[in-house]
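The sequence and the model are shown first, and a description follows.

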Amino acid sequence: MLKWKDKPQKIQGGEDTLQEKPTFGLGFLKQNMMLFALILLVVLFQILIVAQDKGSFFAPANITNLISQNSYVVILATGMLLCILTGGNIDLSVGSGVALIGAIAGTLIVNMHMNIYLAIVICLLSGIALGAWQGFWIAYVRIPSFIVTLAGMLTFRGLALIILNGVTISPYPEEYKRYFNSFLPGGDASASGKMSASLAIAAVLCVVFVAVSAYSRIHKQRKQYHVEAFGVALVRTLVICALILAVFWLFGQDKGVPVILITLGVIVAAYHYYTSKTVPGRYLYAMGGNEKAAVFSGVNTNRALFFAYTNMGFLVAVAALICVSRFDSSFPAVGTNYELDAIGACFIGGASAYGGVGTVSGSVIGAVFMGVLNNGMSILGIDANWQRAVKGIVLLAAVIMDVVSRKRRRG
Amino acid sequence: MKNHLLEMHHITKTFSGVRALYDVNFDVEEGEIHALVGENGAGKSTLMNILSGVYGYGNYEGEIIYEGELCRFSGIRDSEKKGIIIIHQELALVPQMSIAENMFLGNERGKALNINWDETYQEAEKYLKIVGLKESSHTLIKDISVGKQQLVEIAKALAKRVRLLILDEPTASLNEDDSQKLLNLLLQLKSEGVTSIMISHKLSEISKVADRITILRDGSTIETLQKGVDDIGEGRIIKGMVGRELSDRFPARESHIGDVSLEIRDWIVYHPLYERKVCDGVNLKLRRGEVVGISGLMGAGRSELAMSVFGKLYGRDISGTLLLDGKEVEIKTVREAIAHKIAYVTEDRKTSGLVLSNPIRTNATLANMDRISNMGRIDADREAMMAEELTEMLGVKCNGIEQSAGSLSGGNQQKVLLCKWMFTEPDILILDEPTRGIDVGAKYEIYTFINELVAQNKSVLMISSEMPEILGMCDRIYVMNEGRIVAELDGKEATQEKIMSGILRADAS
């Protein structure tokens, strides 16, 4: 999100301070609108929750909860973003895919007592196969994604029901769950042990972050590329480190650092890198923005589209493994409406419904926004039916805001 | 003196602080063809959008007096009721609907809940006859050429009982022949009492048909020239538009022609769907340091030839020999073409050239990501620096490389498109309509750039429907018609007549 706007756009030595100004004005606010909306939402919930004397939004247990409840949305939204980038293509089969892979996982791990690592590999490969199946029809035969994935939505759910035979498979062995559903350090550590371990991890993260930032800055300076003003970089680094420390401090007060956070961090970082720093990632944007121009520039758009859907299948499998662990069971109805959460997160996070525009960080913010909305309303004791209606309206409002602000920019 | 059909007084319009029009005065007499000219961004379209109600009353300052009444339009419907019809450059027809359905779209015959289709088709035939279009009113829009679609738009305007017809660049995407027909139609309508305002970059056409010419520059009216009173030659109009005498529209160049860089022998391309040859035994040579033009009517197979050479992007069963620097090569994909240092700068920058939603930076580097990446990893700093260099080299006017390509003017978009292909470091550039729809100043810059390219010993193959451009820029000219090269002319000896007669003779044989 902070990718471009925080550096002045023309290299003009000596005038940096003059050019920095507008970046912290309206433009900066507009670029990061959803981030500020998210902060506002959190503050609003905190005020309401404290006023009604229902504890605190920042209660350590609640933050842990927030993460384990929404990890699957973040992962699915990341995959969905790639599909949307290719030209507004969506994947409706995501929820059913989670159910199907969940059913396979249950059969292999619980019923057949298969080696856990082997089972995980089989599940991931099955996910890739599902994605490739749909990707083939969408990319190479050019059947509209809406239709292929609608068919997938029905087919996968049907297959999941057949495999499960309508019953729930549980429980999962502890050996499996600890990879998705446990905390660092282990459950028997003392309270002070948890706190010090959490803070130690946070400290390591901060050091790594500072080191990477510093390295890239020095590297740029050596090559005489433009770097942002030192003050700005310092403030940003400090804010991010403070945030990391604060969140991990909260973890330390509860059960420790959720293991799932590692999976999430790796996936988000990898896909952020993929979309912003790699050639195939760039091709997704080019294709979604103007497929013909991309073809004329030598981009293999079929391959890009095929990859987006195959990758979606892979992330569906990851989400499925996480979900069965969290529910400690595989059941037919798992994953219902997950596709809608993922699609909603992408659009709230600023992806364009026509493709070519959107970022992974935006989608993560979108997913967290939805999660916070759910979580906050639940704490406040708002009726579940009302929660749904509110979510719908928020989704529409986010897209309206996006479209209107874009129109205004065009003038 | 004739009656004023329309008067626009002291029109001022600002877009979020930027003044697009300032104190513009503009009037149109009953029954005239009034041309409105100016460089891109001079405010022509804004003025017409105010007149047609796109920017409704309250969004601008000044007043519009039409047929002697003060008008306050709040939308296109209001202005259409008064008989003011605007035909935009990008035609507003639905491809999957028939001519008649399009003609009465929004203006249906019969009742709202019971359309009278018999009357619709019958009336459509009537208007088609008036505009001289020999097509059934049942034909779908997607099956007829752009030239004919333009006529359908005019018929549609007539069906709405047009009094003041506004045409925005009506001949921009038409070939000479269709343009001529369209201009004749305008003259015919004029004799039947239709008043027209025509926005155009093609000054020769304006000199031919316009009764009066109003010149806009930087959002203000500069002058209005009257036929028969003032000089309305092209040179005079250009002087008004750019504020200075543009002594020569084509920069001078010394030719230093070298060896053959690209040769095509017996090139045959079949239509992707039908059993028809789009290119039929084309032989063509291009030398280093040479600008070669391909002239011809729309649909002659020029772009198709270029695309089939450029990595078989078009057609099937392509046969023939392709030689680069005397060596035979086979190019199967766009990537291979780029690797062989060929660049094809596409005809339509909006639909097949640029990714409009993306910034200038990524557009500039898209065709050759290898230059800024290593094992698939993009070096963002290097990319930004190279994009900066390119935009500076081509003189793109922008607020920096992060500005989206879609927000640039046509001329600057074209320059970004050139940036993109210069980034592939080509030796052979195929430029397809390189100056379509851009203003005189930007055209001159692009011509200068082409001259720089050939001075660096590169070869340029230029496909263009604008004959003056072909004649002014090329060392050699091929004339293409129905998939075949029908004439080859030396640039110095070629004339518009020789090119046309090349086409006509081929038709006769």
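Predicted model: local features only at pLDDT ≥ 70, side-chain atom pairs only at ≥ 80, totals over all residues.

Helix H15 (residues 440-455) of chain B lies across S15, S21 and S22 of chain B, at about 145 degrees to S22(B).

| Helix of chain B | Residues | Angle to a strand |
|---|---|---|
| H15 | 440-455 | about 145 degrees to S22(B) |

The strands belong to an open sheet of six in chain B, ordered S18-S21-S22-S15-S23-S24 with mixed pairing. Strands S18 (342-345) and S24 (484-490) of chain B stand at the edges; each has a single partner strand, so one side of each is left without a neighbour in the sheet. On average, neighbouring strands of this sheet are turned by 20 degrees against each other, direction ignored. S18(B) runs parallel to strand S21 (residues 428-432) of chain B, and four bridges join them. Within S21(B), B:Leu429 stands opposite B:Ala343.

The interface is considered next. Here 28 residues of chain A are in contact with 40 residues of chain B. The two chains, A and B, bury about 2,900 Å² between them, with 57% of it on carbon and sulfur atoms. Two salt bridges are counted between chain A and chain B. A:Arg282 forms a salt bridge with B:Glu383, in which the closest N and O atoms are 2.6 Å apart. Helices H11 (260-277), H12 (279-289) and H13 (291-296) of chain A each supply at least two residues of the side of chain A that touches chain B. H12(A) gives the most to that side, with seven residues.

Note on methods:
Residues numbered from 1 in each chain as written. Chains lettered and ligands numbered in written order. Heavy atoms only, no water. Contact = heavy atoms within 4.5 Å. Buried area = accessible area lost by both parts, 1.4 Å probe. Salt bridge = Lys/Arg side-chain N within 4 Å of Asp/Glu carboxyl O. Pairing = 2+ DSSP bridges. Axes fitted to C-alpha atoms, helices over the stretch in contact; angles between N-to-C directions.
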